[in-house]
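Here are my notes on the model, as numbered points you can check against the coordinates.

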Amino acid sequence: ELFGEHDRCPIASLSHEEIDRYARDLSWLKDRLVERVEALRTLLLTPLSTTRLVYVHCEHGMDRTGEMIGAYQMRFMGKSYRDVVAFNDHVGTRPMQAENKCAMQWYCLWLQRQGVTSVGDCGLDASTRDEQRTPRAYLDANRPRA
């Protein structure tokens with residue numbers, strides 16, 4: 001299966017050099033978290049003359065929703081990767097989809113390279129790493145479509 005089981009992501013099976021290379025520039029990640037998290041922040045901070053309601057919806061409150069809100073919490077609310085995964089697992093009715101959890105993990109690694117230390121180990125502590133799947137399959141599947 002392309003994305004394996006729910007908690008499988010290729011990151012921990014990559015070398016430190018590969019992780020660093022991919023995490024420095026997430027333009028290859030089809031979810032465009034860097035852009036979308038900044039756009040959400042701009043939306044929330046832009047003064048308006050009327051009251052604004054931002055509604056985030058998903059059947060389970062996870063997957064793309066959990067990925068986006070988790071990424072926002074890491075970037076602007078000082079939450080660690082493990083905090084947002086635990087929260088998603090708590091509020092959801094099932095584990096987060098592997099590809100969304102993995103995208104959030106890549107975003108965490110990108111944040112580390114931007115100097116954000118509150119994200120913690122991004123789930124890569126050697127004693128508690130998530131199960132892994134083939135790295136190349138994930139990276140190939142997540143390249144943006146032309």
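**Notes on the model**

1. Starting with Arg82: at 34% relative accessibility, Arg82 counts as partly exposed. Buried here means under 20% relative accessible area, exposed means over 50%, and partly exposed is in between (1.4 Å probe, protein chains only). Bear in mind that this is a predicted model, where local features need pLDDT of at least 70, side-chain atom pairs count only at pLDDT 80 or more, and totals for chains, interfaces and linings use all residues. Residues are numbered from 1 along each chain as its sequence is written, and side-chain values use heavy atoms, with hydrogens and water left out.

2. What does Arg82 pair with? The side chain of Arg82 meets that of Asp121 in a salt bridge (3.0 Å, N to O). This pair links distant parts of the chain, with Arg82 in helix H4 (residues 81–91) and Asp121 in the loop between H5 and helix H6 (135–141), 39 residues apart. Asp121 is partly exposed too, with a relative accessible area of 28%. For the record, a salt bridge is a side-chain nitrogen of Lys or Arg within 4 Å of a carboxyl oxygen of Asp or Glu. Helices (H or I, at least four residues) and strands (E, at least two) are DSSP runs, numbered from the N terminus.

3. How many salt bridges does the structure hold? There are five. One of them joins the side chains of Asp20 and Arg113 (2.8 Å, N to O). Asp20 sits in helix H1 and Arg113 in helix H5 (residues 98–113), so this pair ties together parts that are 93 residues apart in sequence. Asp20 counts as partly exposed at 24% relative accessibility, and Arg113 is partly exposed with a relative accessible area of 26%. Arg24 belongs here as well: Asp20, Arg24 and Arg113 are linked in a network of salt bridges.

4. Next, H1 itself. In helix H1 (residues 16–24), the buried residues are Glu18, Ile19, Tyr22 and Ala23. Looking down the axis of H1, these buried residues fall within an arc of 120 degrees, so they line one face of the helix; the arc is that of the directions from the helix axis to the C-beta atoms. The face turned away from the buried side of H1 carries the exposed residues His16, Glu17, Arg21 and Arg24.

5. Arg32 deserves a look. Arg32 lies in the loop between H1 and H2, and its phi is near 50 degrees, a positive value in a residue other than glycine. The side chain of Arg32 meets that of Glu35 in a salt bridge (3.0 Å, N to O). Arg32 is partly exposed, with a relative accessible area of 41%, and Glu35 counts as partly exposed at 49%.

6. Cys122 is another backbone point. Cys122 has a positive phi of about 55 degrees although it is not a glycine. Cys122 is found in the loop between H5 and H6. Is Cys122 buried or exposed? Cys122 is buried, with a relative accessible area of 0%.

7. On to helix packing. The axes of helix H2 (residues 33–45) and helix H3 (residues 64–76) come within 10 Å and cross at roughly 75 degrees. Axes are lines fitted to C-alpha atoms, for helices over the stretch in contact, and angles run from 0 to 180 degrees between N-to-C directions. H2 and H3 are therefore roughly perpendicular to each other; angles under 35 degrees count as roughly parallel, over 145 as roughly antiparallel, 65 to 115 as roughly perpendicular and the rest as oblique. Among the residues making the contact are Leu33, Val37 and Leu40 of H2 and Met68, Ala71 and Phe76 of H3, contact meaning heavy atoms within 4.5 Å. By class, this contact of H2 with H3 has eight nonpolar, no polar and five charged residues.

8. H2 also meets H5. The axes of H2 and H5 come within 10 Å and cross at roughly 80 degrees. The residues in contact are Leu33, Val34 and Val37 of H2 and Ala103, Met104, Tyr107 and Trp110 of H5. By class, that is seven nonpolar, no polar and no charged residues.

Technical notes:
Nonpolar A, V, L, I, M, F, W, Y, C, P; charged D, E, K, R; others polar.
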